[in-house]
Amino acid sequence: MSSDNLPYAADAESPLKEAELEVLRRQYDREGQYVSIQTKFNYAWGLIKSDKATDQRYGIKLLTEIFRDAPERRRECLYYLALGNYKLGNYAEARRYNDLLLEKENKNMQAMSLKGLIEDRVAKEGMLGVAILSGVVIAAGVMGSFLYKGLTKRSL
Amino acid sequence: MASRSASRDPGRTNRTTTGEDDASLLSNALTAVSNTNISSFSRKVSSTAGSLIGPFSDPGSHYHNAMSEVSKDLKRPSIQKRVFSFSKSSPSEIVRSKLSATEISHRALTYLPDDLLKDIPENDASYSLFQGFKASVDTGPSKKHREGKNLLEESAGGPNTVTRLTKERDRTNEELDLLGVRKSIASGEIREIDRKIAQLTAIRGVVLERLAKLEQEETQLEHDLLELDNKIEDIQYDMVEEGSPIENEDAEAGFMSESIYSKLPSPKGRKRQKRKAMPILHEHMSPGSEIKEMQCHADLITALDFDFPFGKLVTAALDDTVRVWDLNSGRSLGQLEGHHASVKCLQVEDNYVATGSTDATIRFWDLSRTDGPSLPGSNSVTHKRGPQSNQEEDFEDDMSAISSQPRSAAGTQDCHLLTLDSHIGEVTALYFQNGTLVSGSADKTLRQWDLSTGRCVQTLDILWTASSTAASEDSGWSFASLGRSNSRSNLPEANADFVGALQCFDAALACGTADGLVRLWDLRSGQVHRSLVGHTGPVTALQFDDTYLVTGSMDRSIRIWDLRTGSISDAFAYEHPITSMQFDASRIVSAAGENYAKIYDRVEGRHWNCGAGAEGGKEDRLSTPAIVERVRAKEGYLVEGRRDGVVGIWTC
């Protein structure tokens, strides 16, 4: 896969205009049950680019369908699934797909940059988690100490 | 990265060998999820805390090191994978994935199992999905292109021409690439559609099989119903008969004609069963596909007819037998015995059969008096589909089984209603409708019969009428044409029947004769009111509807006459003499000395071949199929009888 065959993660962050997405959706609806892979992908990619979580989820669902139906597109789908899940904040899934893709194509620039992004995000949220957790621990400690104090006071 | 993939590889091979073990392990892992979750969570906290503390260390590699330490403890691959995936996610994600209902359902919907993920083939598509996306979203390149052309013309003499033109060239190149992508999208879509069509065709085949099975069951039930009806009727009849037994005997002995009268075909007659269900299977099969092949006789089929698709078939052959068949099961229902010589023409209408024989008699039968299918074991061969290697031997057994077993013959022994025996030459053509039967014979007469009395009501002498009407109206050419056709020795008409075919409707009668003429009679006056001249050989087949009359002849041609004007509206010829023909609104089916039936599609104006010998037919036949002698077609259901006694059933 050459470098311009896959979009970078930044591309996924720029949502389409409502009208543009509408065009893709209409095309997808019009082809009905026998929708072609390309049309399905176009709509799915439009949805992934959207900034609404519901759209992104539906986009991932469509991509999953493409993955199941079209084995020849699986490799590409891996990247989009990783990207979509990354946007949704499902880093475990994103990593699962992205790592698989990197395993197949270890020189894939887009996948490598996505890997970096995922890890940054996980680290950031990890920090946040530590902060929250430590906050909770401190609060619990304070509460505990108060209770303990209260108990010891009452016992006295 | 390389180290990790190396460490995974043995794990993968291990998994493939212990595939079943893996499934149970997975469930164990699932129950252990909450535990591992918490433990991995704590581990992550420590590792991320470590990355905070350790300055300037690459978080990725640090993380990786931490994880590889953990993975050493976990030998089993699936657990390894689980822990990996959980440890890779952020805490907020874990909380969300366990608590939010929409999140859980979404995950269930979009989860891809590992075996799907493992199966990722090389991508050999000429364009990527993203290129396709860009190509379909980016609209209006042609407009740009046109603009570019204008630009090109305007700036022909300008100073910056070279740079501008280079830019233009690059853009055009891009557009060209885009067009290439679009082209491959389109061709890819076509391929995809082809694949889907193939899938749908396969599904259609399955459903068709189901339909066939349903129709089999339907026929069986239909038959059971009829049997029950008959039993009820018999019991009721017995109850009535017990009251006056002597009187009844007297009546039968004294007034034979009356008893015949009671047997007569009348619309309200007993046992005129109306089928509840009509078979539609053949309508869903592609034209020209084989439904069944049956070895009905050991000799040339001289006549055949059937009542409706998948109904009853009556065949007559040079072996002097007339047999009745159930088209649905392919089983023999018995024989119609009584003729002393072979039957040359027959017609089936509802349950009634008329047969005209070379013994100069016509017999009239009622098929509803059969006992239904004969012993199922006695002719198990014939209902098998396709050609069989031992068909011939089985056929002999089959024939002996039929003749040796009185029970199967008893199935049809009550069928005989009438014998009409005024002709003095072999009966070569007949047609009946609404209680009137018209027959043509080698004695050069046509006779009209009243089926309610069994009497001949009119005799039409063809030559006499022809000469008299010719003298009065047609200035003698029809007689001359007789002589003309006789003088032509190159045509195989020496063995042609004098009356090749006839059909009547109310008082209108059409007959085709060996002199190549088609005469239209008025049965009320007994006169020929029109002769259609054109065929140069004996007419062997004839049929008309309200507008057209179609004739087939030994001169190899089929002519379609317009009855309103009396002139030819269409005609075409095949390579061999026409031996049999039938038409309906959409097609003309004929037997023309080939080992397939010729079909002329009247809607599309197209000729095509249908049958065992047609191209595209089965290649695995043991021997070349025999020449088709007789054809019959109704509602796209074609039955053809061949010279070797085989009857083939096709869709057309």
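**Ground rules.** I worked from a predicted model in which local features need pLDDT of at least 70, side-chain atom pairs count only at pLDDT 80 or more, and totals for chains, interfaces and linings use all residues. Residues are numbered from 1 along each chain as its sequence is written, chains are lettered from A and ligands numbered from 1 in the order in which they are written, and side-chain values use heavy atoms, with hydrogens and water left out.

**Entry 1, salt bridges.** I noted that side chains of opposite charge can pair when their charged atoms come close. I counted a salt bridge where a side-chain nitrogen of Lys or Arg is within 4 Å of a carboxyl oxygen of Asp or Glu. The count over all chains is 26.

I looked up Arg25(A) and found a salt bridge to Glu22(A), with the closest N and O atoms 2.7 Å apart. Both residues belong to helix H2 (residues 18-30) of chain A, three residues apart, or about one turn of the helix. Helices here are DSSP runs (H or I, at least four residues), while strands are E runs of at least two, numbered from the N terminus. For accessibility I used buried for under 20% relative accessible area, exposed for over 50%, and partly exposed for in between (1.4 Å probe, protein chains only). Arg25(A) is partly exposed because its relative accessibility is 30%. Glu22(A), at 28%, is partly exposed.

Glu119(A) pairs with Lys115(A) in a salt bridge, the closest N and O atoms being 3.2 Å apart. I found both in helix H7 (residues 109-155) of chain A, four residues apart, about one turn of the helix. Glu119(A) has a relative accessible area of 22%, so it is partly exposed. Lys115(A) has 14%, so it is buried.

Asp601(B) and Arg606(B) form a salt bridge, 4.0 Å from N to O. I listed Asp601(B) as buried because its relative accessibility is 12%. Arg606(B), at 37%, is partly exposed.

I looked up helix H9 (residues 129-137) and helix H11 (residues 161-241) of chain B, whose axes come within 9 Å and cross at roughly 110°. Axes are lines fitted to C-alpha atoms, for helices over the stretch in contact, and angles run from 0 to 180 degrees between N-to-C directions. H9(B) and H11(B) are therefore roughly perpendicular (65 to 115 degrees; under 35 is roughly parallel, over 145 roughly antiparallel, the rest oblique).
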